[in-house]
Amino acid sequence: MMLRIIYVLLLCLSASLSFANAPGDTLAQAPAKPPEKGGLLGNLFAVEKDEAIHRGNFLTGATLFLLQGASDEDALNIIFGDIYKAEGYTFTAEGFCGYFIRDAMALGARVGYSRTYVDVDFSILEEIADVKEHRKYVSNGFFVQPFLKNYLKVFDSRTIYFFNETSLKVEYSYGISQTDDGEDMSKTKNHGWSFNFGINPGLCIMVLDRLAFETSVGLLGLSSSMLDIEENDESRSEVSYNIVNFKINLLALDFSLVYFF
């Protein structure tokens, strides 16, 4: 009798398991939860419709850069001589605008002007050659720079964003250098084109609702330049060179004010 009861219980358990695994059962056929994406880019927060970096918005802004220096009245002693006078500056002004073709991705362009001026009076190897010269150099450049900018919403915040800007810069520049050693004076003119491809990561901080402060550094760059040089209106020469840079230059930070609308 006991064996018969155990046999009936086993038949019922087997039937219940077969019914649970039958096709059409909701619990058995429920799809497994897909695994979460890994990495920084796989776990970004979604961009909301009224956010500054939402698709369909615009951004615009300006960047100013000025580096200026001058020596004092005392001569500056260097290894091979002295610098009696030195002054100069490098100035760059640019404006830019872009359109968000999708959430957190903007396509745009920069246009700008740059100017460099240097005035140096120096002497080298006084005990051997006694070379004394006075040099002046002035150059002007105009550039256009298309860019693709990706904002990364790493935090669930509308105040801080990380971004990366990929750009191609095309610049035309011309300049003149004058050298005077007290007896002869020579002039060198140059003009040429330069192309720069760069990847610039940075940080965006929203100061007001639509006004932001951005800073970035150069991470990867490829530059190519072609120069046409003319000396004393007589001889001509051409120079071309290429530079590949894989270093982060923390001394060449870019600062910009950006407005989103």
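1. Rings of Phe, Tyr and Trp (its six-membered ring) are taken as a pair if their centres lie within 6.5 Å, and the pair is called stacked when the planes are under 30 degrees apart, edge-to-face when they are over 60, and tilted for the rest. With that definition, a search of the whole structure returns 14 aromatic pairs.

2. The model is a predicted one, in which local features need pLDDT of at least 70 and side-chain atom pairs count only at pLDDT 80 or more, while totals for chains, interfaces and linings use all residues. Residues are numbered from 1 along each chain as its sequence is written, and side-chain values use heavy atoms, with hydrogens and water left out.

3. Y151 counts as buried because its relative accessibility is 3%, and F260 counts as buried because its relative accessibility is 1%, where buried means under 20% relative accessible area, exposed over 50% and partly exposed in between (1.4 Å probe, protein chains only).

4. A further pair, F213 with F255, is stacked, with 5.9 Å centre to centre and 25° between the planes. It too links distant parts of the chain, with F213 in strand β8 (residues 211-216) and F255 in strand β11, 42 residues apart. F213 is partly exposed at 31% relative accessibility, and F255 is also partly exposed, at 41%.

5. Ring pairs also join F100, Y151, Y161, F163 and F260 into a cluster. Over the face of F163, a member of this cluster, lies K149, at 4.5 Å from the ring centre. The charged end of K169 is likewise placed over a ring, that of F143, 4.3 Å from its centre; a charge sits over a ring if NZ of Lys or CZ of Arg is within 6 Å of the ring centre and within 35 degrees of the ring normal.

6. V111 is found in strand β4 (residues 105-124) and is partly exposed, with a relative accessible area of 49%. The C-alpha atoms of V111 and G95 are separated by 5.7 Å, although the two residues are 16 residues apart along the chain.

Methods: Helices (H or I, at least four residues) and strands (E, at least two) are DSSP runs, numbered from the N terminus.
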